[in-house]
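A short report is enough, with one table.

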Amino acid sequence: MQSDILDPSWSGIAHVSDATKAFLAQPHKLLINGEHTEGVKGNTLNSYDPATGEKLATVCTGTEEDIDNAVKAARAAFNGPWSALSHFDRAKLLKKLAVAIAEHAEVFTELEVLDNGMPRFIAALTVENISEMFDYYAGCAQHIEGTTTQPPRHVAMEAEALTYTLKEPVGVAGLIVPWNVPISTAVLKLAPALAAGCTVVVKPSEETPLSILLLGQLLKETGFPDGVVNIVNGYGHDAGARLSAHPDVDKVSFTGSTATGRKVISAAMGNLKKVSLELGGKSPVVVMPDADVELVVPGIALATFFLQGQNCMAGTRIFIHESLHDEVVEKLIAFTSSLKIGHGLQPETFLGPLISAGHKEKVLGYISKGQEEAAKLVYGGRPLAGNGHFVEPAIFTGCHRDMAIVREEIFGPVMAIQSFSTTNLDEIAAMANDTEYGLSGSVWTESLSTAHALVARIRAGQVSVNCHGAIGTNIPFGGYGQSGWGREFGREGLDAYLETKAVTARLSARQ
Ligand code: NAD
């Protein structure tokens, strides 16, 4: 059994709507202070379809000087028109934007597929989700509320007094975004930041610069004041580094690799700006002896291979109890070979390409390393034909904790299976927790008590039972350990952009 590409010569650009073709044909500039600009140095980059290598567009890229201009615009908007709006006025704009996104869903979806390579059904879901996200945070904006309390006597200096808290926006926020789910990772920062009353500078990934530019157009059309959202496409070492270090940025919210996250922290130290980090993962999937195999097989295949494994939550360390190991592996191979690989716009496609030639080489390097370290490659792992960056999903058995494919985040379709014999939950949890990361994890069992006892022992920000990577607009998401700082989604996602001010007022006259 082997996987192959549906048709390596199938052109995505030839199959998109006229509206998407028109968007691709227009100039792709930076958005600073409400103006579309080519940037101070006039630099550009080309964006390519990772499934075919076809050029999609040339995009203007900003440098440090453009970041400085964007931060200045964001500060002026924060000190001016944006802070003058009430929570309710901001909510109205966010709701309008949610509607505008839904009206442009097809173009957003096609841009995400072309630029990133993801299958259309995933892109369509993420676009639905970003509209929902603006709607949800519009609701949250209407509920930004402090508390009231009676202060202790010594605080009130023996007088009558009242203490209350105000929730205020952090200020100017720098949002740095990766390429794996581009518009979604941008919006799950942007929507709560705007709801909280912050103004922002967004630095998208150089690999996927397009869909955020469409969002920029809609922000203008729906009436967001100039400078509230500034979009500076560009490279990490230049635009990204300046945004992290900028002395007039109050907060940086970063999603990307743990290695880059460390650089962001060091850069942010200059003015001690607040930092939120959503970083890498190497998440465990634990299959207990009483698990339902028919549920487990597709479940763990998707845990690892969803988005070609370019997924921070990917379950890549698979622990299967020895009593089920052989049956699960056999069925997993059959199931994986049924997953269609192709251009994301082809309706049958379940797995698309990797993001770039460089990333494909990195993933193939890990597959070779797994073989060198004597893991058994029982399925896939070949590069596939054509100009796209396709790699067949790989399943390794016989893995152990010291192997590179078990320890390091590959961010590709590589599954590392280990068999275990114990039923002691502390020992099983110790295997699951044997990683520097702590983003996600899942437990597969028919026993409620085993499920919850094991969930309580797993050190990760998100643990699912009989499913994997269950994310949602109102479900907090973030990492333990080196997977990050803070949470996104839900109320906690909003709190990340708010400061708390405590106010104490003496009420009685001087005695
Ligand atoms: P990356 O760290 O290479 O880049 C992320 C962003 O940081 C890009 O916009 C890049 O231009 C920018 N950047 C690069 N160098 C920088 C610097 N010195 N200063 C500031 N910004 C800089 O990550 P990637 O390859 O784009 O994305 C893959 C990684 O993202 C994986 O590790 C994955 O696990 C992680 N990720 C995490 C989550 C999460 O929610 N935890 C979600 C998606 C992706």
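The model is predicted, so local features need pLDDT of at least 70, side-chain atom pairs count only at pLDDT 80 or more, and totals for chains, interfaces and linings use all residues. Residues are numbered from 1 along each chain as its sequence is written, and side-chain values use heavy atoms, with hydrogens and water left out.

**Salt bridges**

A salt bridge here is a side-chain nitrogen of Lys or Arg within 4 Å of a carboxyl oxygen of Asp or Glu. The count by this rule is 19. Helices (H or I, at least four residues) and strands (E, at least two) are DSSP runs, numbered from the N terminus. Buried means under 20% relative accessible area, exposed over 50%, and partly exposed in between, with a 1.4 Å probe and protein chains only.

| Pair | Closest N to O distance |
|---|---|
| Glu 65 and Lys 41 | 3.6 Å |
| Arg 401 and Asp 434 | 2.6 Å |

Take Glu 65 and Lys 41, joined by a salt bridge. Glu 65 sits in helix α2 (residues 64-79) and Lys 41 in the loop between β2 (35-37) and β3 (43-48), so the pair ties together parts 24 residues apart in sequence. Glu 65 is partly exposed, at 31% relative accessibility.

Glu 110 is buried at 2% relative accessibility, whereas Arg 120 is partly exposed at 30%.

Arg 401 and Asp 434 also pair up. Arg 401 is in the loop between β15 (394-397) and α14 (404-407), and Asp 434 is in the loop between α15 (425-432) and β17 (440-444), so the link spans parts 33 residues apart in sequence. Arg 401 is partly exposed at 42%. Asp 434 is partly exposed at 23%. A network of salt bridges links Arg 401, Asp 402, Arg 407 and Asp 434.

**Backbone angles**

Most residues other than glycine have a negative phi. Asn 466 has a positive phi, near 55 degrees. Its place is the loop between β18 (462-465) and β19 (484-485). Asn 466 is partly exposed at 24% relative accessibility.

Phe 489 also has a positive phi, about 70 degrees, and is not a glycine. Phe 489 lies in the loop between β19 and α17 (490-495). Phe 489 is buried, with a relative accessible area of 5%.
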